Amino acid sequence: MTVKQISIFLENRKNALSELTNVLAEHKINIKSLSIADTSDFGIARIIVENPDLVQAALERSHYIVKVTPVIAVEVPDESGSLNKILKVLADNNRNVEYMYGFSGHKANSAYMIIRSTDIPETERVFEKNGIRMASEEELTAN
């Protein structure tokens with residue numbers, strides 16, 4: 001079960017992130033999760049939002065370069081070693097994590113990790129086989 005992540009390419013300059021969040025605010029877009037990566041020349045903001053197709057269109061109308069990418073959201077119980085168990089399952093099954101980032105949702109005693117890996121369908125099968133709970137887009141964006 002994948003979730004749509006929107007990646008937005010930003011110039012690495014003063015106020016670029018503020019300008020992006022201004023566009024999102026103007027369109028009443030609530031960011032559920034955000035990750036920022038940068039180089040000396042540009043940055044990439046990765047976001048999880050409700051209605052990603054509408055958000056993509058709004059950003060493109062505002063002249064942003066965006067890409068929608070399937071990612072997996074796994075639930076991570078709030079207990080010692082939970083993330084390690086998930087990463088060990090991936091390692092034991094030769095799954096590579098390209099990147100990941102976490103956020104807390106509305107559910108008590110757990111958080112979510114957004115994981116981008118090679119071969120998403122196979123990674124989903126590995127998670128299912130090992131009893132690792134994946135969250136739906138609706139679950140992540142519920143209020």
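The model is predicted, so local features are reported only at pLDDT of at least 70, side-chain atom pairs count only at pLDDT 80 or more, and totals for chains, interfaces and linings use all residues. Residues are numbered from 1 along each chain as its sequence is written, and side-chain values use heavy atoms, with hydrogens and water left out. Helices (H or I, at least four residues) and strands (E, at least two) are DSSP runs, numbered from the N terminus.

**Strand pairing**

- Strand 1 (residues 2-11) and strand 4 (residues 65-77) run antiparallel and are joined by 8 bridges; two strands count as paired if DSSP finds at least two bridges between them.
- Within strand 4, I72 is the residue that stands opposite T2.
- Strand 4 is also joined to strand 6 (residues 110-117), by 6 bridges and again in an antiparallel arrangement.
- Here A73 stands opposite I114 of strand 6.

**Salt bridges**

- The structure holds 8 salt bridges, each a side-chain nitrogen of Lys or Arg within 4 Å of a carboxyl oxygen of Asp or Glu.
- One of them pairs R133 with E75, with 2.6 Å between the closest N and O atoms. This pair links distant parts of the chain, 58 residues apart: R133 lies in the loop between helix 4 (120-129) and helix 5, and E75 lies in strand 4.
- R133 counts as partly exposed at 38% relative accessibility, whereas E75 counts as buried at 13%. For these classes, buried means under 20% relative accessible area, exposed means over 50%, and partly exposed lies in between (1.4 Å probe, protein chains only).
- R133 also forms a salt bridge with E139, where the closest N and O atoms are 2.7 Å apart. E139 is buried, with a relative accessible area of 17%.

**Helix 2 and its buried side**

- In helix 2 (residues 52-61), the buried residues are P52, V55, A58 and L59. They lie on the same side of helix 2 because they cover an arc of only 120° around the axis, taken from the directions from the helix axis to the C-beta atoms.
- L54 and R61 are exposed on the other side of helix 2.
- The buried residues pack against strand 1, helix 1 (16-26), strand 3 (42-49), strand 4 and helix 5.

- E137 belongs to helix 5 (residues 137-141).
- E137 is buried yet has no salt bridge, and K4, its nearest side chain of opposite charge, is 5.8 Å away. For charge, Lys and Arg count as positive and Asp and Glu as negative, while His and the chain ends are not counted.
- Which residues is E137 in contact with, leaving aside its neighbours within four places in sequence? They are V3, K4 and P52, where contact means heavy atoms within 4.5 Å.
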